[in-house]
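Subject: Structure handover

Hello,

Here is the structure for you to look through. My notes follow below it.

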Amino acid sequence: KDRLQEVNRMEFKISLARVTGSDHSLHNIPCQDKTAVFAGDDYTTAALADGAGSRPYSHIGAELATVAVASKLNVRFEDFWEYEPHMVATGAWVEATNAMLNKPYSLYDQACTLLFVAIAEDGRYISGHIGDGVQILVEPNGEMRTFSPPENGEYENETWFITGDDAVEHLRIQKGTLQAGSTLLMMSDGTAKSLYQTSTGEPAPACRTIARWLKEKEEDEVSFLLEKNMNEVFWSRTSDDMSLIVIRVQEKQEGHTDPNLLKL
């Protein structure tokens, strides 16, 4: 609390969308991409998981993992901030897999990738990523960079899961501070087919457009636009499920007043 009072407080605009891929829609298979967001007074956390296509209960594992990790980071951010990266990875793995163990299915059958971020009101963040999803950061000046690239196996369709025995070794952890005006995009590999250029490892230009949308528009409107583009534009690039979480960090407007109200 003391630290948060010493610096400019941040607030967050969050938009997200999730669409079932054409293959899953055709065969009446549940969407295996899941998302979770927890917005508290001092910390905001978000997580995204993509269930393994070949595992029968991966959509359940993905939902459990996102909720478990995002909720834990929201209430224990300061503890995780003090941990070394390996301990953060271990803690996230424990939370995700323990949630799955409460179900009558094996961890193998609930396998999923996982991306998460927790951000404090002073801009400090903890980010984690395992698997073939992507995180992209759009800086306040509009410059873009791949914040965390996908990790595939020997073949493009191979990757690592939070349920694996080697998950802690592959779960990449980052800590730092985000500047006001920054926008972070977290996406599954289905969405990355449109927003990430695999050949160069660079973000697609559309990421800058999405960041501008969230700066200028309301969160619900941006969520609508993201889903609209997934259904009408992105679908031509993939038959996979698609999910995307976009978070804009901006200075909190203390004492904001409605310009349409009279001052008496």
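In which helix does H170 lie? H170 lies in helix α6. This is a predicted model: local features need pLDDT of at least 70, side-chain atom pairs count only at pLDDT 80 or more, and totals for chains, interfaces and linings use all residues. Residues are numbered from 1 along each chain as its sequence is written, and side-chain values use heavy atoms, with hydrogens and water left out. Helices (H or I, at least four residues) and strands (E, at least two) are DSSP runs, numbered from the N terminus.

H170 has a relative accessibility of 16%, so it counts as buried. Here buried means under 20% relative accessible area, exposed over 50%, and partly exposed in between (1.4 Å probe, protein chains only). Not counting residues up to four places away in sequence, H170 touches H129, I130, E151 and W160. Contact means heavy atoms within 4.5 Å.

Next, the cores. A nonpolar core is a set of buried Ala, Val, Leu, Ile, Met, Phe, Trp, Tyr and Cys residues joined through side-chain atoms within 4.5 Å. The largest has 27 residues. Those touching the most other members are V69, C112, L114, F116, I162, L171 and I173. Elements that each supply at least two residues include β3 (43–50), α3 (58–75), α5 (85–101) and β4 (114–120). Apart from this core lies another, of 24 residues, with Y196, L214, L225 and M242 among them. Leaving aside neighbours within four places in sequence, the contacts of F116 include A46, V69, L73, I126, L171 and M186.

β3 deserves a look. Eight of its eight residues are buried, so β3 is largely enclosed by the rest of the structure. Y43, T45, A47 and A49 are buried on one side, and T44, A46, L48 and D50 on the other. Strand β2 (residues 33–39) runs antiparallel to β3, joined by seven bridges. Two strands pair if DSSP finds at least two bridges between them. A36 stands opposite A47. Three residues separate β2 and β3 in a hairpin. β3 also pairs with β4, antiparallel, over six bridges. There, L48 has L115 as its bridge partner.

Now the open sheet. Its five strands follow the order β1-β12-β9-β6-β7, with antiparallel pairing. β1 (10–19) and β7 (144–148) stand at the edges with a single partner strand each, so one side of each is left without a neighbour in the sheet. The twist averages 20 degrees from one strand to the next. α8 packs on this sheet, touching β1, β6, β7, β9 and β12 (242–251), and makes about 55 degrees with the direction of β12. Axes are lines fitted to C-alpha atoms, for helices over the stretch in contact, and angles run from 0 to 180 degrees between N-to-C directions.

In α8 (residues 206–216), the buried residues are C207, I210, A211, W213 and L214. Seen down the axis, they fall within an arc of 155 degrees, so they line one face of the helix. The arc is that of the directions from the helix axis to the C-beta atoms. On the face turned away, K215 and E216 are exposed.

Last, the aromatics. The whole structure holds five aromatic pairs. Rings of Phe, Tyr and Trp (its six-membered ring) pair if their centres lie within 6.5 Å; planes under 30 degrees apart count as stacked, over 60 as edge-to-face and the rest as tilted. Y57 and Y105 are stacked, at 3.8 Å centre to centre and 15 degrees between the planes. They sit 48 residues apart.

Best regards
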